[in-house]
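Please keep the sequence and the model in view while reading.

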Amino acid sequence: MPKIADPAPDPSPLAGLEPRRRCILEAAYDVLMERGYTGASTLEIATRARVSKRELYAEFGNKSGILQALIAATAARMQLPLAAAEIRDRADLADALTAYGTMALAELTSPPVIAVNRLAVAEAGRSSEMGAILEENGREPNRKALIDLMAKAQAAGVLGPGEPDVMAGQFFSLLLGDLMLRLMLGVTPRPGPNEIKKRAQSATEAVLSLHAAAAYSPFSKASVS
């Protein structure tokens, strides 16, 4: 069973990257925060990272590629609990969903991620490119990974009938609520480790109750016989 992750991992999602690649991505984040996506230039990113533009283009292709890599690093770490999950029974699924929810909330509510989302919203009126990159490289891979987990749980007889993508959407909705919006508006503090775990556990319990397989349903014949 996957171990529930530390809700606030200290190492950066870039920690395991090759030093030059990490340096470029860290420089890119700083430039994005100062200039915005539209105003950020590969020349300034390369200058701050102390690499040539040739090296930067060889590593990432273009500015879009840099942002894709920056977002994908966080998305990949969020999926770690799902990659290790073996679903044999209800307890396995509960552990996997709680571990994933805990990791996802810790990452999504981190100040850098909130800052990138704010920037994407601010620039949406001028260009949807940054928003599209966030969707394609951040939200969508995690959504697909969670859908796969739900389908795996159905195949194991742990979840009842239904569309795995609907179940995944319900889990995210229960997990996040309006938290991301409130954090982006700056009207609520970032949740602490205990609150993050509690939200993950509550979302897990709710989804399992909504989509319990017949053997676990309080209304099934098996449970009342």
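**Helix packing and side-chain pairs**

The axes of helix α1 and helix α4 (residues 63–78) come within 10 Å and cross at roughly 110 degrees. Axes here are lines fitted to C-alpha atoms, for helices over the stretch in contact, and angles run from 0 to 180 degrees between N-to-C directions. Helices (H or I, at least four residues) and strands (E, at least two) are DSSP runs, numbered from the N terminus. The helices α1 and α4 are therefore roughly perpendicular to each other; angles of 65 to 115 degrees count as roughly perpendicular, those under 35 as roughly parallel, those over 145 as roughly antiparallel, and the rest as oblique.

This is a predicted model, in which local features need pLDDT of at least 70 and side-chain atom pairs count only at pLDDT 80 or more, while totals for chains, interfaces and linings use all residues. Residues are numbered from 1 along each chain as its sequence is written, and side-chain values use heavy atoms, with hydrogens and water left out.

Which residues of α1 and α4 meet? From α1 come R21, L25, A28, Y29, L32, Y37 and T38, and from α4 come K63, S64, I66, L67, A69 and L70; contact means heavy atoms within 4.5 Å. By class, this contact of α1 with α4 has 9 nonpolar, 2 polar and 2 charged residues. Ala, Val, Leu, Ile, Met, Phe, Trp, Tyr, Cys and Pro count as nonpolar, Asp, Glu, Lys and Arg as charged, and the others, Gly among them, as polar.

Charged side chains come next. Side chains of opposite charge can pair when their charged atoms come close. The structure holds 13 salt bridges, a salt bridge being a side-chain nitrogen of Lys or Arg within 4 Å of a carboxyl oxygen of Asp or Glu. One of them joins E55 to R20, with the closest N and O atoms 3.2 Å apart. Because E55 lies in helix α3 (residues 53–60) and R20 in helix α1 (residues 19–39), this pair ties together parts that are 35 residues apart in sequence. E55 is partly exposed, at a relative accessible area of 30%, and R20 is partly exposed at 33%; buried means under 20% relative accessible area, exposed over 50%, and partly exposed in between (1.4 Å probe, protein chains only).

R20 also meets E59 in a salt bridge (3.1 Å, N to O). That pair links distant parts of the chain, with E59 in helix α3 and R20 in helix α1, 39 residues apart. E59 is partly exposed, with a relative accessible area of 24%. R20, R21, E55 and E59 are linked in a network of salt bridges, and R21 is also among the α1 residues that meet α4.

Another salt bridge pairs D92 with R88, the closest N and O atoms being 2.8 Å apart. D92 is found in helix α6 (residues 90–108).

At 10% relative accessibility, T42 counts as buried. Leaving aside neighbours within four places in sequence, T42 is in contact with K53, L56, Y57 and K63. The C-alpha atoms of T42 and L56, 14 residues apart along the chain, are separated by 7.8 Å. A polar contact of 2.9 Å joins the side chains of T42 and Y57; such a contact is a pair of N or O atoms within 3.5 Å, where within protein one must be able to donate a hydrogen and the other to accept it, and residues adjacent in sequence count only if both atoms are side-chain atoms.

The whole chain can now be considered. There are 12 helices and 0 strands in the chain. Of its 225 residues, 44% count as buried. Among contacts between residues at least 6 apart in sequence, 70% join residues at least 24 apart.
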